[in-house]
Amino acid sequence: MGKRINKLKKIRIHREGTQELILSAIVLAGIAWLLLHFIDSVIPFWIFIIIFGTVWFIALNFYRCPIRYFNGDSTKMVVAPADGRIVVIEEVDEHEYFHDKRLMISIFMSPWNVHANWFPVDGKVKFVIHKDGNYHKAWLPKASEENEHADVMITTPEGEDILVRQIAGAVARRIVTYAKEGEECYIDEHMGFIKLGSRVDVFLPIGTEVCCRMDQPTTGDQTVIAKLK
């Protein structure tokens, strides 16, 4: 347990957005100062503050990253890797890695959701593979295979291989994956980040108990979506 806690990434504003937020705040403050001191009317200043201040706070909301801990025994539990809603619960033929049927549970992330991704299970990272692709709307079935995506294979302590797929969408154009091959990973630890929202698929063994329903809202690192056999 101690090793697990030591690996936690305690982030309030996600590191993916820290530099962008600071630089943009400096630029906006500079422009606001010029408008206030070199234009007689204050109207342009307030119009600028209202419009671009709102945009900046939307970006701040986009990069928020609450500190979360899974309360409970993580043994054989599969928790939601992302905030969003369940858009797929079905058995699929997985031909790339498993070459058999798998239970796929997919979570769609809107631009308003937290965009950090968590590991859904405890285990060890078997491999990480990034693949370029298209940018179909993330909720379409073909997005799982045709869109740009990053695959993270995790072997649980019980020896089950779980595939987690970060998928770019029509708006999201950058997938960040922190998982490293050979490293131990834990629920509560960040697996990656998808800018502007998209989708995360989890491929589980057939026979896994489903603990979620279609269109159910999920909270990353909190909502139990399945239990392994």
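Modeller: Two strands count as paired if DSSP finds at least two bridges between them. This is a predicted model, and in it an open sheet of 3 strands has the order β1-β14-β12, with antiparallel pairing.

Colleague: What makes β1 and β12 edge strands?

Modeller: β1 (77-79) and β12 (209-210) each have a single partner strand, so one side of each has no neighbour in the sheet.

Colleague: How do you know that β12 and β14 pair?

Modeller: The cut-off is at least two bridges, and 2 bridges join β12 to β14 (residues 224-227). They therefore count as a pair. One of the contacts sets Glu209 against its bridge partner Lys227 in β14.

Colleague: Which strands pair with β7, and over how many bridges?

Modeller: Strand β6 (residues 149-155) is joined to β7 by 7 bridges, and β11 (residues 199-204) pairs with β7 over 5 bridges. Both pairings are antiparallel. Asp151 has Arg165 in β7 as its bridge partner, while Gln166 has Val200 in β11.

Colleague: Why is β7 called mostly covered?

Modeller: Buried means under 20% relative accessible area, and 7 of the 7 residues of β7 (residues 161-167) are buried. Asp161, Leu163, Arg165 and Ile167 point one way, and Ile162, Val164 and Gln166 the other. In a regular strand the side chains alternate between the two faces of the sheet.

Colleague: Why is Ile49 called partly exposed?

Modeller: Its relative accessibility is 32%. Ile49 lies in helix α3 and belongs to a nonpolar surface patch.

Terms used:
Residues are numbered from 1 along each chain as its sequence is written. This is a predicted model: local features need pLDDT of at least 70, side-chain atom pairs count only at pLDDT 80 or more; totals for chains, interfaces and linings use all residues. Side-chain values use heavy atoms; hydrogens and water are left out. Patches are made of residues with over 30% relative accessible area and no salt bridge: like charges are joined within 9 Å, nonpolar side chains (Val, Leu, Ile, Met, Phe, Trp, Tyr) within 5 Å. Accessible areas come from the Shrake-Rupley method with a 1.4 Å probe; for residues, only the protein chains shown count as cover. A salt bridge is a side-chain nitrogen of Lys or Arg within 4 Å of a carboxyl oxygen of Asp or Glu. Helices (H or I, at least four residues) and strands (E, at least two) are DSSP runs, numbered from the N terminus. Buried means under 20% relative accessible area, exposed over 50%, partly exposed in between (1.4 Å probe, protein chains only).
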